[in-house]
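Here's a quick tour of this model, from the core to the charged pairs. Have a look at the fold before reading on.

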Amino acid sequence: MPNSSYLCARGLLPGLAERWFETGDGGEVLRQVTRAPTGAVSSAWARREADLMRERFGSFGVALYEAVYGGPAEPPGRSVAEVSAEEFEDAWRRGHIGRHFTPYDSGPVPQGTRLAGTVAAAPWGPGVTGLFVDLGLPVGGFVDMLQLPRDPERWPAVGTDGSFEVVTLRISFDGDPHAQIRLRPVGE
């Protein structure tokens, strides 16, 4: 962005988290990454992505987004150093990717949550790719074929009600914003 500033707010004491910020003309935070001294990323949040999730899925979408990418932090204050756009982009890219592999133990559907759902579609047929599940939520579910019986004849038919456990969340901004709750079937 041509009117952006890139800052890194380091902890006041050694060993505290670093917060990397991209700010706009008015000082508003556009993107941020919060990283622990170990390198673990607790947040890789972007205002535009959160806004897109709100437009597409409402407040539920924002809650999912923040479960995956973390929420916004306070704008930088003391102990701020300017960084180059390249340094920020590197921290952003690493942080954003890293959050995909972080367990989601908060938000509206933490990993391990059991949800009732109905098999909505097997778009590629039994035995191929997986099943879409209607959870009655603004975001749909998907059961990957690796979570289903090897024998496609044992896959639940479209219209079958069942209980499902949240395995992970998938959010993508390639094209239209897309979110999906990845599931596995569980017995009662």
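This is a predicted model: local features need pLDDT of at least 70, side-chain atom pairs count only at pLDDT 80 or more; totals for chains, interfaces and linings use all residues.

A handy place to start is W45 in strand 4, which is the bridge partner of Q32. Strand 3 (residues 29–35) runs antiparallel to strand 4, and five bridges pair them. Five residues sit between the two strands, and in this hairpin G39 takes a positive phi near 100°. Strand 4 (residues 41–46) is mostly covered, with five of its six residues buried.

## The nonpolar core

The largest nonpolar core counts 42 residues, and Y65, L169, I181 and L183 have the most contacts inside it. Helix 1 (residues 47–69) gives this core its largest share, nine residues.

## Salt bridges

There are eight salt bridges in the structure. One joins R31 and E22 at 2.6 Å, N to O, and both residues are buried. E89 comes in too: E22, R31 and E89 are linked in a network of salt bridges.

Within helix 2 (residues 85–99), R93 and D90 lie three residues apart, about one turn of the helix. Their side chains meet in a salt bridge of 3.1 Å, N to O. R93 counts as partly exposed because its relative accessibility is 44%, and D90 does so at 31%.

E165 pairs with R184, the closest N and O atoms being 3.0 Å apart. That pair links distant parts of the chain, with E165 in strand 9 (residues 161–172) and R184 in strand 10 (residues 178–186), 19 residues apart. E165 has a relative accessible area of 18%, so E165 is buried, whereas R184, at 30%, is partly exposed.

Terms used: Residues are numbered from 1 along each chain as its sequence is written. Side-chain values use heavy atoms; hydrogens and water are left out. A nonpolar core is a set of buried Ala, Val, Leu, Ile, Met, Phe, Trp, Tyr and Cys residues joined through side-chain atoms within 4.5 Å. Buried means under 20% relative accessible area, exposed over 50%, partly exposed in between (1.4 Å probe, protein chains only). Helices (H or I, at least four residues) and strands (E, at least two) are DSSP runs, numbered from the N terminus. Two strands pair if DSSP finds at least two bridges between them. A salt bridge is a side-chain nitrogen of Lys or Arg within 4 Å of a carboxyl oxygen of Asp or Glu.
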